[in-house]
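User: I have a structure open and want to know what stands behind the words used for it. Please go through them with me.

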Amino acid sequence: MNIEAEWNISFRLEASRLTAMMVRQFGLPRLDLIEDAVQETFIRALKAWKTDGPPENHRSWLALVAKRIVIDRLRRDRIYTALPAEELLPCPEPADRLAFDEDELSLFRLCCHPSLSPTSQIILTLREVGGFTTREIAACLLTAESTIAQRLVRTKRTLRTIDPDKELGDETQKIESFRRVLYLMFNRGYSFQTESGSAEAIELCDQAISLTLRLSRSAATSRPATHALLALMYLQSSRINSRLDPTGACLRLEEQDSKNWDQTRIALGVQALGAASEGDKMTSYHLEAAIAAEYATCDPIIGPDWSRILTHYDDLLNLYPTEVVRLNRAIVVGMIQGPEAALALLDKIRTRGRLSGYHHLESARAFFLERSARKEESKTALHQALLLATHEGDRKLLQRRLQAVSVDLNMN
Amino acid sequence: MNQYMLLLTGGDFADLSPAETQAALEKYFAWSKKLREENAYIAGDELDMTGKKIGPAPDFAVTDGPFAESKEAVGGYYVIQAESLDKAVDISKGCPHLLFNGGIEVRPVIDHSNG
């Protein structure tokens, strides 16, 4: 039995819709009260529907109950005396249940407000738009519940002092701020998974995907770049369950069993990438998705098409000339032209020193040093990488490589 | 077949998130559905926590609910049919209410209709 399949209801989706609707009606300063009322609404639904299922107009039912709970509490506190019309207004099923309505988008916009820190944006988005409780947010961000609770209190206080319409920029910038938060949310989950191998981290990635899917289905925010972001997430997450070995150590792409990759996600990713190519503007999401697609769809025996990947990195470097992009590009160059070419590029990055705290640089150097039979230097680089790596999965992989190089050295 | 009334007491839902509330609802609904399919279901519903309590005649002293103050307050009921009290208890053990810190009182309904 699955309600979502049988009745077409998702409490998580309805939670954000109800919250957004009531923030418009009762105002942002009453956000805490509204959140409580939404939770209470679902508990009442549980009690009322548990035997015979939901009423036919369940969305109106939820909206009315939620509104009544808020009004009751306001009356109890003698704040609210004028009573809005309470009759059960028809609440038609939207053409696309996944699309955000206008209220939801304005609430989402507040969650992504530039005056909030990226972490606060993620937390608030999970809470208000994702329908997560404080406890669920804490679990997927691997943080104590009390920390998240305090952070939410502070964030909401900040929210009350800002002008919601200020500093938001034009329409394109507004939509980009949604995407940026979801991109960060996804990456947080993806890297947490390396750290802990935990199911909650995957939950964070999945939540980012489902919110991006909703953005891509909403007329106001459905843009090629939104589809590209969705493609990127689907493609990256197709490997999420094959990235770690049973001990929790990271596996390199060529060590992963591509049979374990989630083919449904790959197909959805490729489809979204198709929708993303409709515009004429190339974004970093397009390029990152294109790179992820090359890996996810490559022939497991032949391996990825490195020269196509290099083209994408060249384009990405044009858009975002950052050291991290240069590092990744250097690795691809090494796969095509051999280890010496890669090492020359990596040493330049190393000399500039901007990535000196980044273990992937030393780890990549070690890889190519080993390939050019400079095992002693490779060992030093791995040691260096181990000093810098903090995630458990990364550390286990590095230790394994270090062991292999040491064995090789002893045999010679 | 005998009838049994299941009185659902307590139950802790305050900390559930929307997604968890939905999962709980799915469990309850699936159980109700199973009762119907196995022809055990007679009736069932939620009881509001408000209401009135009436004292004995001649005063008929009416006092207000709510009855929710007590942890043992009855919040809902089912009427089922089963061959025996033991069977009714077995059936009741499958009720999701027990997973949410709730209790169930299983009481035989005495049939006096045949004298």
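User: What pattern does chain B follow, read along the sequence?

Analyst: Chain B follows the pattern β-α-β-β-β-β-α-β. Its secondary structure comes to two helices and six strands; helices (H or I, at least four residues) and strands (E, at least two) are DSSP runs, numbered from the N terminus. This is a predicted model, where local features need pLDDT of at least 70, side-chain atom pairs count only at pLDDT 80 or more, and totals for chains, interfaces and linings use all residues. Residues are numbered from 1 along each chain as its sequence is written, while chains are lettered from A and ligands numbered from 1 in the order in which they are written.

User: Why is A:Ala275 called partly exposed?

Analyst: A residue is buried if 20 or more other C-beta atoms lie within 10 Å of its own, exposed if 12 or fewer, and partly exposed in between, with C-beta atoms placed from the backbone. A:Ala275 has 16 C-beta neighbours inside 10 Å, so it counts as partly exposed. A:Ala275 lies in helix H12 (residues 263–276) of chain A.

User: What share of chain B counts as buried?

Analyst: Of the 115 residues of chain B, 23% count as buried.

User: How many residues of chain A are in contact with chain B, and what makes a contact?

Analyst: Two residues are in contact if their C-beta atoms, placed from the backbone, lie within 7 Å. Counted this way, 20 residues of chain A are in contact with 19 residues of chain B. On the side of chain A that touches chain B, the elements giving two or more residues are helix H2 (11–26) and helix H3 (31–49) of chain A. H3(A) provides the largest share, seven residues.

User: Which kinds of residue make up that side of chain A?

Analyst: They divide into 11 nonpolar, five polar and four charged. Ala, Val, Leu, Ile, Met, Phe, Trp, Tyr, Cys and Pro count as nonpolar, Asp, Glu, Lys and Arg as charged, and the others, Gly among them, as polar.

User: How do H12(A) and H13(A) pack?

Analyst: H12(A) and helix H13 (residues 284–296) of chain A pack at about 145 degrees, with their axes 10 Å apart. Axes are lines fitted to C-alpha atoms, for helices over the stretch in contact, and angles run from 0 to 180 degrees between N-to-C directions.

User: Which residues make the contact?

Analyst: Among them are A:Ile266 and A:Leu273 of H12(A), and A:His286 and A:Ala293 of H13(A). The residues of this contact divide into eight nonpolar, two polar and no charged.
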